[in-house]
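Colleague: I am new to this one and would like a close look at a single part, the strands and how they pair. Could you walk me through that?

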Amino acid sequence: MSETGARRLGTAVILLAALAAVTPLLIRGTTCGHDFDFHLASWFDALASWRQGIVYPRWAPSANYGAGEPRFIFYPPISWMLGAALGAVLPWKLVPVALTFLYLAGCGLATRALARLVLPEGAAALAGCIALSSGYALFSAYERSDFAELTGGFWLALVLLFALRQRAAGATIALRAFDGSAVPLALAIAGAWLSNAPVGVMASYLLAAAAAVTALTARSWAPVLRAAVSVALGIGLAALYLVPAAVEQSWVDMKQILGDPGYTVENNWLFARHAGAAMQLHDEELFRVSVIAVVMLAVAIVCLAVCWRRGLPRKDARVWLPLALIPFAALVLMLPVSDFVWNLLPKLRFLQFPWRWLLALEAPMGIFFAGAVWSTRPWRRAAAIAACAAICVASAVVAGRVFFQFCDEEDAVWAMLDTYHQGEGFAGTDEYEPPYADNSELSQDLPPSCLTRSATAKLGVLNQYQMYDWAPEQHSCDAAFDAARGSTAEHLRIDANAPHAGYLILRLRSYPAWAVRVNGQPLRNLPEREDGLIAVPVAQGFSRITADWTTTPDVWAGRGLSAAALILLIGLSWIERRMIMKRA
């Protein structure tokens, strides 16, 4: 078979493996994992904003039961943009399945590309199949529904590929550093940060470690130079998201997510156990992911030992050594002995879960497995292919039976879509609430605006679920007014004819980017409410209230940095092409 034919066959095999991995979703329906509602609502809001002409949405209007939250400022855009794009062309019930398929297939294809540095085409395809069928990939897809983190299997493999690839051995440092790998490496770093912040942190540290090890083995500064330039440009490209997300953290209650005991590094070591009923579900999930970690680490280390006995690492130690260190580094980082490392390295604690490093293990494990079982003998090669197929099928079965999360009636895709169209909205995210507010104080079923005599008047009463509900017969609103025609996710207009002076409580969460005006006059220093809603003072009679989303200086700064990084990246691309031509 020709090289082109082998590559096409390898691609087809990986796509087939990804299809097998999502087959339980096609048979049983969508799995409603931990983050499913959050992602689905984000896709709804992003698509609706696009249809209103908002190219880069910042505000998620369905959160907090229609009061909204600045979700799209703090959550990286690739995941929710891709989900919204698929929702524009596919039935919503198929979007989670299609997105999972794409991410798993991307993981397999990127792993195959990395494996081809040290393995033949057939073995590289097997490596991709094993990586996408790994326990952690399917655990993230089925039990956690963490669509953003699923991208890590793709981006981390690409980071390793472009960090370890060498096209100009023996040339000058500049030619070795910029051999056509620096530009795609920068794009991979940018993609990681724009997909998931923990993946971005892992990609940056993984690149630093791979460059350091490669520099030592090659006795050259070229890998470090490539990594330094690429990470600077990659983070620069992602600045349009990173700068506002960093600067505006003080505008929300971001400490909520860091204060939850279930989200701290110390409570997520492998097989950790905690007292109290509140941590029971957490410990059950931690036990499952700990078992997955042990299995993946065992497979990786045993297969690495087999590869060593076969002499594969000695053929290209420059690539094998960084890959071989990943299982051991991941193991140490998942144990309490590494606590000082988590406290020492900047932003590492932002990962929260040490077992997230299993993402970095997926590709090396696949490569080690393929290197251990692949053979030039036809019957052994056939046995390896059969074993890989069996593993893919068995992994899909386990995911469908063990990790699959059944949907509550209100969490099913069509139920959430119906709730969205009715304008009822969904629960908000605690870390995106105003620092002085509390999501539990916010009422459901509020009108777009409510006239009260007091800026701090309580809206709604507690129901049997200890949540606040609002209804007209409660008489907490002296008058209620609808949003005017033409209101969008980032522009609200209320035309109110108030029977008396007072405060118009908008069903809109307060945020500094909102510019609020009454009859064209800007308002500042508005009163704070426990539920975080905007309270606007109005006089008796007609008033036109507008709230418009503004582009704050930090957003312009982020866009400027990204534009500058893009220009530099184009220049680097031209330099790399010239160097390649010079080498040829």
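Modeller: Happy to! Two strands count as paired if DSSP finds at least two bridges between them. The strands themselves (E, at least two residues) and the helices (H or I, at least four) are DSSP runs, numbered from the N terminus. Please keep in mind that this is a predicted model, where local features need pLDDT of at least 70, side-chain atom pairs count only at pLDDT 80 or more, and totals for chains, interfaces and linings use all residues. Residues are numbered from 1 along each chain as its sequence is written, and side-chain values use heavy atoms, with hydrogens and water left out.

Let's begin with strand E11, residues 541–549. Strand E6 (residues 491–498) runs antiparallel to E11, and eight bridges join the two.

Now for the open sheet. Three strands form it in the order E1-E4-E3, with mixed pairing. Strand E1 (443–444) and strand E3 (461–462) are the edges: each has a single partner strand, so one side of each has no neighbour in the sheet. Between E1 and strand E4 (residues 468–469) the pairing is parallel, over two bridges. To spot this pairing, find Gln444 and its bridge partner in E4, Asp469.
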